[in-house]
Amino acid sequence: MANTPQARKRIRRNDRRADINKARVSRIRTFVKKVESAIATGGKDAALAALAAAQPEMMRGVSKGVLHKNTVARKISRLTKRVNALG
């Protein structure tokens, strides 16, 4: 258990940040699932709109530090490739 006041404060702060970061990642996953479901239904316009909404959300996750930039770049690239394959 933490002994110093600063260590106790860090534990409280880490718990708060973990909840916030968990919510951010969950929100990003929801946007990605919307893109994937639009791809599955085969509607290119809906998939493009969903992808356009998901990209800034994913990049926001990078800037907030909850996801790595290369991970997001890879996911956006793969989603874009799948959307473009719809014809």
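**View 1. Thr30 is found in helix 1.** The model is predicted: local features need pLDDT of at least 70, side-chain atom pairs count only at pLDDT 80 or more, and totals for chains, interfaces and linings use all residues. Residues are numbered from 1 along each chain as its sequence is written, and side-chain values use heavy atoms, with hydrogens and water left out. Helices are DSSP runs (H or I, at least four residues), numbered from the N terminus. With a relative accessibility of 39%, Thr30 is partly exposed; this class lies between buried (under 20% relative accessible area) and exposed (over 50%), with a 1.4 Å probe and protein chains only. From Thr30 to Thr71 the C-alpha to C-alpha distance is 16 Å, for 41 residues of sequence separation.

**View 2. Helix 1 has 37 residues, and its end C-alpha atoms are 54 Å apart.** This agrees with the span of 54 Å that 1.5 Å a residue should give; the expected span is 1.5 Å times one less than the number of residues. The buried residues of helix 1 are Val25, Ile28, Phe31, Val32, Val35, Ala38 and Ile39. Their cover includes helix 2 and helix 3, where contact means heavy atoms within 4.5 Å.

**View 3. Ala7 is a residue of helix 1.** Its relative accessibility is 25%, so Ala7 counts as partly exposed. Ala7 and Leu48 are separated by 41 residues in sequence and by 47 Å in space, C-alpha to C-alpha.

**View 4. Ile28, in helix 1, is buried at 6% relative accessibility.** Beyond its neighbours within four places in sequence, Ile28 contacts Glu57, Met58, Gly61 and Leu67. Ile39 is 11 residues from Ile28 in sequence, and their C-alpha atoms are 17 Å apart.

**View 5. Helix 2 covers residues 44-64, and its end C-alpha atoms are 30 Å apart.** At 1.5 Å a residue, its 21 residues should span 30 Å, so the two values agree. Buried in helix 2 are Ala47, Ala50, Leu51, Ala54, Glu57, Met58 and Gly61. Helix 1 (5-41) and helix 3 (69-85) are among the elements that cover them. An α-helix has 3.6 residues a turn, so residues three or four places apart point the same way. Gly65 follows helix 2 and has a positive phi, near 85°.

**View 6. Glu57 lies in helix 2 and is buried, with a relative accessible area of 11%.** The side chains of Glu57 and Arg27 are joined by a polar contact of 2.8 Å. A polar contact is a pair of N or O atoms within 3.5 Å; within protein, one must be able to donate a hydrogen and the other to accept it, and residues adjacent in sequence count only if both atoms are side-chain atoms. Not counting residues up to four places away in sequence, Glu57 touches Arg27, Ile28 and Phe31.

**View 7. The axes of helix 2 and helix 3 come within 10 Å and cross at roughly 175°.** The two helices are therefore roughly antiparallel, a label for angles over 145 degrees. Axes are lines fitted to C-alpha atoms over the stretch in contact, and angles run from 0 to 180 degrees between N-to-C directions. Residues making the contact include Lys44, Leu48, Leu51 and Met58 of helix 2 and Val72, Ile76, Leu79 and Val83 of helix 3.

How values were computed. Parallel < 35°, antiparallel > 145°, perpendicular 65-115°, else oblique.
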